[in-house]
Amino acid sequence: MSRLTVAERDALPDSAFALPGRRYPIPDETHARDALARASEMLHRGNLTQEEYDTVVRRARAVLGEG
């Protein structure tokens, strides 16, 4: 996975994140794929609601050109 430095992450607009609070950065395809995997894991652990998971999936797929 490509990594974002703190400065790079801070420079991203809010629209480059799947969830409010600048959670799940999705500025590119690599990060969108990672967001899908991590969101699935967090949903199964009970750390995301179904609505939050659905939002991550929808927004990440849009970045991937799948939605």
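## Asp14 and Arg22

At 55% relative accessibility, Asp14 is classed as exposed, where exposed means over 50% relative accessible area, buried under 20% and partly exposed in between, computed with a 1.4 Å probe on protein chains only. Asp14 pairs with Arg22 in a salt bridge whose closest N and O atoms lie 2.6 Å apart; the term denotes a side-chain nitrogen of Lys or Arg within 4 Å of a carboxyl oxygen of Asp or Glu. Arg22 is partly exposed, at 24% relative accessibility. Side chains of opposite charge can pair when their charged atoms come close.

This is a predicted model, in which local features need pLDDT of at least 70 and side-chain atom pairs count only at pLDDT 80 or more, while totals for chains, interfaces and linings use all residues. Residues are numbered from 1 along each chain as its sequence is written, and side-chain values use heavy atoms, with hydrogens and water left out.

## Further salt bridges

The structure holds five salt bridges. One of them joins Arg23 to Glu52, with 3.5 Å between the closest N and O atoms. This pair links distant parts of the chain, since Arg23 belongs to strand β2 (residues 23-25) and Glu52 to helix α3, 29 residues apart. Helices (H or I, at least four residues) and strands (E, at least two) are DSSP runs, numbered from the N terminus. Both partners are partly exposed: Arg23 has a relative accessible area of 32% and Glu52 one of 22%.

Another salt bridge connects Glu29 with Arg33, the closest N and O atoms being 3.3 Å apart. Because Glu29 and Arg33 are four residues apart in helix α2, about one helical turn separates them. Glu29 is partly exposed at 40% relative accessibility, and Arg33 is partly exposed with a relative accessible area of 47%.

His31 is found in helix α2 (residues 29-45) and is buried, with a relative accessible area of 6%. The His31 side chain makes a polar contact of 2.8 Å with the side chain of Asp28. A polar contact is a pair of N or O atoms within 3.5 Å; within protein, one must be able to donate a hydrogen and the other to accept it, and residues adjacent in sequence count only if both atoms are side-chain atoms. Leaving aside residues up to four places away in sequence, His31 touches Ser2, Leu4, Pro25 and Ile26, contact meaning heavy atoms within 4.5 Å.

Asp10, in helix α1 (residues 6-11), is exposed, with a relative accessible area of 56%. Asp10 and Arg22 are 12 residues apart in sequence and 9.2 Å apart in space, C-alpha to C-alpha.

## Nonpolar core

The largest nonpolar core has 12 residues, including Ala18, Leu19, Tyr24, Ile26, Met42 and Leu48. Such a core is a set of buried Ala, Val, Leu, Ile, Met, Phe, Trp, Tyr and Cys residues joined through side-chain atoms within 4.5 Å. Two or more residues of this core come from each of β1 (17-19), α2 and α3 (50-63), and α2 gives the largest share, four residues.

Not counting residues up to four places away in sequence, Leu48 touches Leu19, Arg23, Tyr24, Ala39, Met42, Leu43 and Tyr53.

## Helix α3

With 14 residues, α3 reaches 20 Å from its first C-alpha to its last, close to the 20 Å expected at 1.5 Å a residue; the expected span is 1.5 Å times one less than the number of residues. Thr55, Val56, Val57 and Ala60 are buried in α3, and the buried residues of this helix pack against β1, β2 and α2. Just after α3, Gly65 takes a positive phi of about 75°.
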